[in-house]
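Me: I am new to this structure and would like to go through it in short steps. May I start with how the copies sit together, and then move on to a strand?

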There are 2 protein chains.
Amino acid sequence: MKAVGLIVEYNPFHNGHYYHLQTSREAADADVVICVMSGYFLQRGEPALLPRRERTEMALQGGADLVVELPYIFSSQHADWFARGAVSILDQLGAGSVCFGSEQGSIEPFLNLFDFLQARRTEYGRRIREYSSLGYSFPKAASLSFQHMAPGAHLPDLSQPNNILGYFYTKAVNELGSSMRLQTIQRMTAGYHDDQLSGTDISSATSIRRRLIGNTGAPETVEQALPAPAYRYLRNYLHSGSPLFEWEKYFPYLQAKALTLPASWLEEIYEAEEGLHHRMQSVMKRNSTFHEFMHAFKTKRYTWTRLQRFATHVLTGTSKAEAAAAMETGQADHIRLLGMNKTGQAYLNTIKKQVDIPMISSLPKDKTPQQKLDEKAAAAYYLPLPPDERRDRWRSEYEQPPLFFES
Amino acid sequence: MKAVGLIVEYNPFHNGHYYHLQTSREAADADVVICVMSGYFLQRGEPALLPRRERTEMALQGGADLVVELPYIFSSQHADWFARGAVSILDQLGAGSVCFGSEQGSIEPFLNLFDFLQARRTEYGRRIREYSSLGYSFPKAASLSFQHMAPGAHLPDLSQPNNILGYFYTKAVNELGSSMRLQTIQRMTAGYHDDQLSGTDISSATSIRRRLIGNTGAPETVEQALPAPAYRYLRNYLHSGSPLFEWEKYFPYLQAKALTLPASWLEEIYEAEEGLHHRMQSVMKRNSTFHEFMHAFKTKRYTWTRLQRFATHVLTGTSKAEAAAAMETGQADHIRLLGMNKTGQAYLNTIKKQVDIPMISSLPKDKTPQQKLDEKAAAAYYLPLPPDERRDRWRSEYEQPPLFFES
């Protein structure tokens, strides 16, 4: 069986994701679509709007055959480690290719870029440091370095977020020595039609989240942007009174952490550097919403995303030592199965003997460094729930089997 | 002006407190009653039911002339340090005597006990350790040691909680070399009449809290147990929608802390010992209320109070290193003025030049070790409030002048 791997957040699953999933299956001529999906906290340093279980269900409805988790240490990371974790899992699962969406839309520029940087890594590193020392954020410094080093070269535009990720997928496949083929699909921006879609609205996940959070309990505002099954699922979820998980609901917990941990401990949280922890403590008290706090916390030197990731690590209590332990092998130390259909199950049976890291469905008693962080991320993630539901969700981390989807 | 010092929690101010306050003034023939009052978290390891400001108001209404704060490092401590901190403040403020309520009711047995233990400290320490190693809690081990060492001696019964505190007040006055006279008043249990009292109900603060928490918004259930002004004040507080601060409201924050801090950090929380932090982490997830959690956490080896204090230190993020720094001098490192009337103000003017630790009304920018912990305790204490009120209460730590009471 031939498998294609997708690296996803599905926050939430929308028309663009559906398009990417179906088109990837065709482009790779694959029997099986494997999704590596971020669990609790995402690359932008945000909680996932819906729990993992619900997002898994939506992915399976949308055509995924097998959904596995990207552990916390990779899911809430800059693009380099995010890509490395996800690619290592797809490689372990025997995917023949990894197919990512990009603004670029063709794969050669990514391969060119990788070769270019292999050859001129030292100079690139030096330029990044120079621009950073002038106060530019990392993405801006990277973009300026390229403009300087290779003006006019046929390279992907790295000011586009999905091109950046695409580059790091390319890098990870090469550095991990994977035989997976790299493919990319141009991100759909408008005009795609399919009868499974509720409408032709191709909205970004960001704008969908904004509409949902701003109109809690009124999913109609996003109906046009989601495939019909995903929309029905989301509507039922909200109508049953289940919450959207978003930063504002975590803000009191972030305050509790940041204002009561000894400063010397806060400094030992992963991604604390250059006095960020002092800055966090000093602005934390004066604001009554997360949004206000972030505006006060933001500096030119760090991206919003970078600062949100630091806030996430404070919330989940991820120390530098724990992060270092979880990153030590440079790859996923386990694969957690979240959901599958019959095709995914059959595929798993064909490859499971070749997977040489543990495949689990719920957390074991003795945890790997990455599982320890996943356990803490789950503890933090479910805090906004009422006490009994919180306890039940925590328990399911240890007991719940993967979701089986009868298509 | 002659001052008598009282060491109080007023959680909340009730008929028994009123009796103690008035009787102490008479017994000491004092012009001024000074109350050293615990701030946010109390000796039993609980949040104060009402904020400091409100309890100060009730104390002034009840006859106190000057109310100052017992810093967190002493207020949430076993009796030895609790007494030491409070006595050091009264001594600094020039009180002529300290007058405590006790089950015993006369002072000689306390003085006898102090002399007895001075003489036989080594044997006493050995016996305590022996009984402790058999699994007895500290109070029980102390009581058994006395029964063994001095059967029938005229010593206070140390199975009574206020006698234990009385002993430690006696010890602190002696060890600090204070010239304050020690006095005690038998705790009133029934039958005292005064027209300022709403009724003749002499209830313990514990039973009053239980009735209030069990019937939030229905202060009538405690009307008979409070002086009329205190009752009116409490009723207005509750009718305006202000909350009672009790452990259940902090439980999600305790869970957040205990389940996301690295185990090696939780072990560095003050009063973590012998694997208590592991035990806390392992039972924390399985319970959905603080009360359930405490039942699961409790062992024969530790008192409920001792375990609640540990939970309090987790909530406030008080590390062993911070606690050690705050306890280094063995005395209060500042005096925080919470409230006064004209008499209290006049008294302050007569003694302020002799006070050789800083007297403050709000927190300064550069904080002493004890003030650092008070700041964190305030951050934790106000967490259950809605965001804007929380922010305003935090701000008042830095800006609010002491309460002035026009009697």
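Me: Which residue of chain B comes closest to the rotation axis?

Reply: This is a predicted model. In chain B, the residue that comes closest to the rotation axis is B:Tyr253, with its C-alpha at 3.3 Å.

Me: What rotation superposes chain B on chain A?

Reply: A rotation of 180 degrees, with 0.0 Å of shift along its axis, places chain B on chain A with an RMSD of 0.0 Å. The two copies are thus related as by a two-fold rotation axis.

Me: And through which surface do the copies meet?

Reply: They meet through the same surface, because 100% of the interface residues of chain B are also interface residues in chain A.

Me: Changing topic to strand β3 of chain A: how many of its residues are buried?

Reply: Strand β3(A) covers residues 66-70, and five of its five residues are buried.

Me: In which sense does β2(A) pair with β3(A)?

Reply: Strand β2(A), residues 32-38, pairs with β3(A) in the parallel sense over five bridges. One bridge links A:Met37 to A:Glu69 in β3(A).

Me: What about β6(A), parallel or antiparallel to β3(A)?

Reply: Strand β6(A), residues 335-340, pairs with β3(A) in the antiparallel sense over three bridges. There, A:Gly339 of β6(A) stands opposite A:Val67.

Terms used: Residues numbered from 1 in each chain as written. Chains lettered and ligands numbered in written order. Predicted model: local features only at pLDDT ≥ 70, side-chain atom pairs only at ≥ 80, totals over all residues. Heavy atoms only, no water. Buried < 20%, exposed > 50% of the residue type's maximum accessible area, 1.4 Å probe, protein only. Helix = DSSP H or I, 4+ residues; strand = E, 2+ residues; numbered from the N terminus. Pairing = 2+ DSSP bridges. Least-squares fit on C-alpha atoms with pLDDT ≥ 70 in both. Contact = heavy atoms within 4.5 Å.
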